[in-house]
Amino acid sequence: MAGSLPRDPAPWAVRRDRALANPRLRANIGRVARRLAGARQQAYASYPAGRALRVAGRDAKRRAVAHLEPLLDQLRDQLSANGARVIFAEGPKEVADYIVSLAARRGAQRVVKSKSMLTEELDLNRRLAAAGLTVRETDLGEYIIQLLDERPSHILAPAAHRNRQEIAAIFQDTADRAGVPGPTSDEVGPLAAFARARLREEFLAADIGITGANFLVAETGTVVLVTNEGNADMVASLPPVHVVVAGIDKVLDTWEDLAAVIQQPALSGVGQRLSAYTTLISGPRAPGAEEGPEELHVLLVDNGRRPLLGGPYADVLTCIRCGACYNVCPVYRQVGGHAYGSTYAGPIGAVETPLLAGLNFLPELPKSLCTLCNACVDACPMDIALPDHFITLRRQQVDERGEPSTTRLTYRTWGRLWSSPRQYQRFLAWARRGQRFMMRQGRLVRAPGFLGGWFETRDMPPIAAETFHEWWARRASSPALSRSDEAPS
Amino acid sequence: MRWEALGGHYWESEPGAGLAQAVAAAADRLVERAPERMPSVLWWPGPAWAALAWKAALPAGRWAVTPVTGGGPMEPGALRSVAASAALGVTGAAWAAADTGSVALASEPGQGLWPSLLPPSHLILLRAAQVVPTLADGLRVMRSEGGMPPMAKIISGPSSTADIEGQLWVGVHGPGRVGVVVVTGPMPDDGGR
Ligand code: SF4
């Protein structure tokens, strides 16, 4: 069954123009993306073992996706044996309903969360809030955008589009409403200190902690989380109930497989050899112990993933959400995450969103947000065939929905004009005669009719006074021309 | 160890009297003293360090130490508030990996993880024999030691974030200062394992 993802109601043209008309957003996103892409390259350059590790990690993920169902069963059995409750959930509604009834049973009200793309995908915060629960994001970036009521613009740096002044303003606002002192300045230190103090109270008061999972190890029944801030550890170990909401694609077979892939989110994402905190949770608190949750619930969520198993797009399920493809993508660097209109952005978002939610869901994603430059496939540690998927998805869209007749006519005419040498040369001669009306400062800047659209954001060199073909023909027919003659420029 | 490259502090010591000195130096370096307030320490390095004389390292006049020894918690709920208000948490470790500069901790009877999480500073006691070459080796150690602990964590440097304008900031949720004291040579109490 197709999954259900949140969707920005604004159409693509509006989202695109909103992003392109916001120079600060573009500058901030571009800077973050370039910094992370550079850090990744440096990390690999200084860590020779990283290359082999990447291949081993990719193979571990591929093996798991190829045998997903038995691994999920093993994971469930193992986690249950460790004392956790394991639930298979279809989509957003099942997940939210489960947590809401769990909260009712426990008399729980306050929920703290660490960052999870899946819960964004499920629009879980909104659903829990609608049921009367108070939900607090605790990753610093997520906290900021939650206060601003926005969605993440970068998978690793959710508030990348906001600057210090804006963050200080929303913190001050929050402080005023709570009747506490605000941040002492808009420098990073005081801002982080303010968030630390505010969130510390929420951690200690929370009734339920919700995390995602970076990996799930079937062999031992272990939930693995990586963070740099340490907030996932708080969420997982302070409240009396811990709920893990994880995609079924997160499962791995063995502990060896975990060792192969565990460094990848940090290496490919931010250029560290390992995140500051890797948290391995295998069960609720031991009897007699005081630390850790009394109850551990693990929700394994499908939301449109199972239909991809065994098909041409199955490698999409090996994505570890490292963000490397975002950081190198020339389209993402210009428009940032919000323009993609749903949870996932960058190349993987443009491919995966319609795969999870149906080809008619945000169909512009594969169509308009990729230049086929191939940068993503070079960056992706999992070797996901993103450019190939773009092409296949485009073909599938055309097969299923057809193309507008103007597009078809354009390509048919173009094809006719350029598919024989004679026609091509005739086209050039014709275009050369017309082009002098279309030039500015020696460049071709306009074209008649609908061809003009191409020049809206580009120019090109004019057609040469004498083309190579023409020169060649002249040379062959004129014995006066010697070999030393220069070709026309 | 890459530990220092990641922003962690590092001391080495032989077992014996030198060790208490190293722990004292580490605590002094990791804790920022506020005037007029004696810093509180949650001492919970687990049974492997039971023989270490913490009173010599953290004398009563300078530190307010809450020791958790023998595994039995104080009163229900008390431990959490002690951890939340401590200036320094002291724990042992399960293993450490040289290639990533990481130290792993496991929650087990007699060893909790809160002292590594809630205080602004965290000091880890580690035996040199617990250091393995790679992270994968370390994970194997954890796997082979029988059943999995309910929670384990691998720490690679201080808590950090770059969520505000991409600027690195340490100590956002977890400890901003982490240190490890590595004890070289055999421990008198456990035959050097
Ligand atoms: S598609 Fe590849 S590069 Fe992009 S987030 Fe997923 S794993 Fe990382």
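User: How many residues of chain A and of chain B take part in the contact?

Analyst: In this predicted model, local features need pLDDT of at least 70 and side-chain atom pairs count only at pLDDT 80 or more, while totals for chains, interfaces and linings use all residues. Residues are numbered from 1 along each chain as its sequence is written, chains are lettered from A in the order in which they are written, and side-chain values use heavy atoms, with hydrogens and water left out. With contact meaning heavy atoms within 4.5 Å, the count is 58 residues from chain A and 54 residues from chain B.

User: What area do chain A and chain B bury between them?

Analyst: Buried area is the accessible area (1.4 Å probe) that two parts lose on being put together, summed over both. Carbon and sulfur atoms hold 58% of the total, which is about 4700 Å². Of the area that chain A buries against chain B, 16% is supplied by three residues, more than by any other three: A:Arg196, A:Glu290 and A:Glu291.

User: Which residue of chain B meets A:Arg164 in a salt bridge?

Analyst: A salt bridge requires a side-chain nitrogen of Lys or Arg within 4 Å of a carboxyl oxygen of Asp or Glu, and four are counted between chain A and chain B. For A:Arg164 the N to O distance is 3.3 Å, and the partner is B:Glu165.
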